[in-house]
Amino acid sequence: MSKRLPEDDLDFVLSLTSDFWTQFRGARIFLTGASGFIGSWLLELILHANKTLGCDIHVTALSRDRLRAQQLLPHLFNDDAVQLVAGDMTTLSLPDSPIDLCIHAAADVADASKTAEHRRVFESAMLGTMHVLDLAERAGARRFLLTSSGAVYGLQPPAMRGMSESYAGAPDTLDVLSAYGQGKRAAEWLVAERSNRGNMRVGIARIFALIGPRLPLDGRFAVGNFIRDALEGRQITIHGDGTPIRSYLYIADVCVWLLRMMTHNAASFACNVGSEEQVSINELAELVREVSGSVPKIARQRTSNSSVLAHRYVPDTNLARRELDLKIFTPLRLALSKTINWHRMHNA
């Protein structure tokens with residue numbers, strides 16, 4: 001059973017997103033990926049807003065495995081304001097009721113066994129988004145938010161400090177490993193096309209690396225694996241030379257960014273969601289060891305080549321700052337501390 005999220009984080013998000021709770025008071029929301037990292041945070045926030053602000057929001061929540069979702073997060077999926085629907089987002093049927101807002105947060109990226117099935121990953125992103133758009137449009141949704149990914153830009157040029165929304169890069173179509181980025185590009189086009197010919201306002205959140213409570217510690221995320229190793233008192237292993245550059249946005253900050261996007265007035269709007277606080281994988285491992293207070297050594301599988309520029313995956317967030325008055329609210333060290341402490345308490 002997964003623990004509840006820190007109430008101070010929930011209150012913090014609510015304090016910075018008053019426009020959303022005013023605009024969607026009494027709304028009906030369709031949320032895919034409801035038991036995932038981002039989806040479960042948004043669902044818990046909505047229920048917290050119902051409790052503390054009297055928002056009276058009702059959520060139809062999609063999860064692939066109904067029983068597992070209820071066992072993992074019973075305080076969410078047994079709430080009277082939540083109607084849990086199990087199924088595949090490519091074939092799902094919804095109850096015959098109106099929807100005001102659709103948040104399409106389902107993704108296969110955290111499941112290593114599925115990311116190996118490249119065609120399935122691509123089809124899940126593309127066909128799933130097409131079907132969810134159809135459901136949302138038939139139910140009368142006036143807003144639609146797609147959680148996309150920075151993977152739509154393809155490889156970041158090493159000399160580019162941050163990728164902006166205007167960067168015209170793309171994943172290599174001959175690289176089958178780019179299935180996730182290709183699928184998200186197709187999903188973004190479908191969302192934009194639907195907005196262009198209909199009355200639904202759409203937002204596209206191009207999400208970069210995240211951190212926070214409920215982050216999977218046994219998946220494909222380096223920071224999660226480092227935290228797992230530190231909490232278990234094991235050697236922290238870097239699968240590479242540790243030189244790649246990343247940035248991590250705390251999940252409570254992410255929720256603020258997403259909720260503000262959903263009150264933006266543009267008919268269609270794409271925005272990077274991530275941090276510009278850059279850190280190498282080597283520095284990240286050292287920081288996890290320091291913040292966790294553990295003493296295991298750090299091992300690297302390869303030595304670095306100083307003649308090669310480090311691979312980067314970092315957003316430019318000028319648009320979010322300018323259009324939505326957003327910023328990094330939780331610095332990386334504090335984000336790591338909050339994440340480690342939550343998982344330590346959860347695993348105690």
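Me: What share of the 348 residues in the chain is buried?
Reply: This is a predicted model. In it, buried residues make up 55% of the 348 residues.

Me: What makes the radius of gyration agree with a compact globule?
Reply: Set the value against the rule, which is 2.2 Å times the number of residues to the power 0.38. For 348 residues that gives a radius near 20 Å, and the chain has 20 Å, so the two agree. The C-alpha trace spans about 60 × 45 × 40 Å along its principal axes.

Me: Which strands form the open sheet, and in what order?
Reply: There are 3 strands, in the order E12-E9-E14, with mixed pairing.

Me: Why do E12 and E14 count as edge strands?
Reply: Strand E12 (278–280) and strand E14 (312–313) each have a single partner strand, so one side of each is left without a neighbour in the sheet.

Me: How do you know that E9 and E14 pair?
Reply: Pairing needs at least two bridges between the strands. E9 (residues 245–247) and E14 are joined by 2 bridges, therefore they count as a pair. They run parallel. Arg-246 stands opposite Tyr-313 in E14.

Me: What lies across E9 and E12?
Reply: Helix H11 (residues 281–292) does, running at about 90° to E12.

Me: How many helices and strands does the chain have?
Reply: The chain has 13 helices and 14 strands.

Me: What share of the contacts with a separation of 6 or more joins residues 24 or more positions apart?
Reply: Such residues account for 81% of those contacts.

Terms used. Residues are numbered from 1 along each chain as its sequence is written. This is a predicted model: local features need pLDDT of at least 70, side-chain atom pairs count only at pLDDT 80 or more; totals for chains, interfaces and linings use all residues. Side-chain values use heavy atoms; hydrogens and water are left out. Helices (H or I, at least four residues) and strands (E, at least two) are DSSP runs, numbered from the N terminus. Contact means heavy atoms within 4.5 Å. Axes are lines fitted to C-alpha atoms, for helices over the stretch in contact, and angles run from 0 to 180 degrees between N-to-C directions. Buried means under 20% relative accessible area, exposed over 50%, partly exposed in between (1.4 Å probe, protein chains only).
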